[in-house]
Amino acid sequence: MTDAFTPLRIAAMGDLHIREDNAASYRELFGEISREADVFVLTGDLTDLGLAREAELLAHDLKACSIPVVGVLGNHDYESGEQEEVKRILRDTGMHVLDGQSCEIDGVGFVGVKGFAGGFGRRMLGSFGEPAIKQFVHEVMNETLRLENAMRQVRSKRSLVILHYAPIVETIESEPLEIYPFLGSSRLAETIDRFTVTAIVHGHAHRGRYEGRTPGGQRVYNVARHIEKPTGKPYAIIEI
Ligand SMILES: [Fe+2]
Ligand SMILES: [Fe+2]
């Protein structure tokens with residue numbers, strides 16, 4: 001049992017994009033992560049096309065993981081309309097799949113929601129004009145409300161927010177400017193900054209930057225598999 005003075009070592013990684021035709025296995029990496037960390041966090045885009053069959057491949061590899069696994073789904077996990085089946089398959093492995101909920105492991109609160117797009121700062125998309133635009137903005141507002149509700153449930157002093165979409169621009173820098181509005185929304189950071197959290201992790205931007213801060217100064221890490229991290233590995237290690 002980890003006490004208040006012993007940091008919990010969290011391994012975090014996103015954007016596995018597991019495909020049926022890809023023979024690459026994560027078993028060895030998951031075994032290594034189990035030796036390196038106390039909890040394994042997955043930040044979505046776990047499958048490439050959101051197929052139940054792809055989730056089954058991940059579930060098989062997760063058997064090599066002997067530590068608790070917590071995570072969210074990403075936009076790719078919704079592609080085939082099988083997201084409920086994907087969640088069920090992953091939950092059957094014991095993974096905590098968070099979609100507007102929280103859980104506590106060894107005194108640390110984990111809050112998870114996928115998030116959504118919409119852009120950043122003064123340039124973010126506003127709810128104006130055609131119904132389709134209003135619906136788009138409504139989607140991100142709804143995700144922030146679900147995030148806020150989940151954050152209110154957390155009782156622990158130490159907490160990690162798990163997102164798929166980015167809450168700030170800093171960690172998506174080096175992606176093409178044209179796609180920034182599709183990579184995340186600062187509405188997520190605004191919500192998080194109403195609370196005090198230990199750190200925030202996200203994925204989705206495969207070409208972003210590892211570390212940044214919310215406007216309120218809270219630590220944000222882009223842990224997409226492709227991002228260069230201090231560990232030199234596809235996963236980050238964050239002590240909380
Ligand atoms: Fe991705
Ligand atoms: Fe994504």
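Me: What spacing do the donors of the iron ion (ligand 2) follow along the chain?
Reply: In this predicted model, they follow D-x29-N-x88-H-x39-H.

Me: And which residues are those, with which atoms?
Reply: Asp45 (OD), Asn75 (OD1), His164 (NE2) and His204 (ND1) coordinate the iron ion (ligand 2), at 2.1 to 2.2 Å.

Me: Why is the arrangement around the iron ion (ligand 2) called irregular?
Reply: Because its 4 donor atoms subtend angles of 87 to 151 degrees.

Me: Where do asparagine 75 and histidine 164 lie?
Reply: Asparagine 75 is in the loop between strand E3 (69-72) and helix H3 (83-92), and histidine 164 is in the loop between strand E7 (158-162) and helix H5 (180-183), so the pair ties together parts 89 residues apart in sequence.

Me: Is histidine 164 buried or exposed?
Reply: Buried, because its relative accessibility is 0%. Asparagine 75 is partly exposed, with a relative accessible area of 27%.

Me: How far apart are the two iron ions, ligand 1 and ligand 2?
Reply: They're 3.5 Å apart, and aspartate 45 coordinates both.

Me: Where do histidine 17 and histidine 206 sit?
Reply: Histidine 17 is in the loop between strand E1 (9-13) and helix H1 (27-36), while histidine 206 is in the loop between strand E8 (199-202) and strand E9 (211-213); the two are 189 residues apart. Histidine 17 is buried, at 11% relative accessible area, and histidine 206 is partly exposed, at 26%.

Me: Changing topic: how many cavities of 30 Å³ or more are there?
Reply: The count is 1, and the largest cavity has a volume of about 40 Å³.

Me: What lines the largest cavity?
Reply: Val72, Leu73, Tyr78, Lys87, Leu98, Asp99 and Lys114. By class that's 4 nonpolar, no polar and 3 charged residues.

Me: Where's aspartate 99, and what does it touch?
Reply: Aspartate 99 is in the loop between strand E4 (96-97) and strand E5 (101-105). Leaving out residues up to four places away in sequence, aspartate 99 touches Tyr78, Lys87, Gly112 and Arg146. Aspartate 99 counts as buried, because its relative accessibility is 16%, under the 20% cut-off.

Key:
Residues numbered from 1 in each chain as written. Chains lettered and ligands numbered in written order. Predicted model: local features only at pLDDT ≥ 70, side-chain atom pairs only at ≥ 80, totals over all residues. Heavy atoms only, no water. 1 Å grid on protein atoms, 1.4 Å probe; cavity = no way out; pocket = protein on both sides within 12 Å on 5 of 7 lines; lining within 4 Å. Points joined across faces, edges and corners; volume = space filled by probe spheres on them. Nonpolar A, V, L, I, M, F, W, Y, C, P; charged D, E, K, R; others polar. Helix = DSSP H or I, 4+ residues; strand = E, 2+ residues; numbered from the N terminus. Buried < 20%, exposed > 50% of the residue type's maximum accessible area, 1.4 Å probe, protein only. Contact = heavy atoms within 4.5 Å. Donors = N, O, S within 2.8 Å, 3.2 Å for Na, K, Ca; no water. Tetrahedral: all angles 85-135°; square planar, octahedral: opposite > 155°, others 65-115°.
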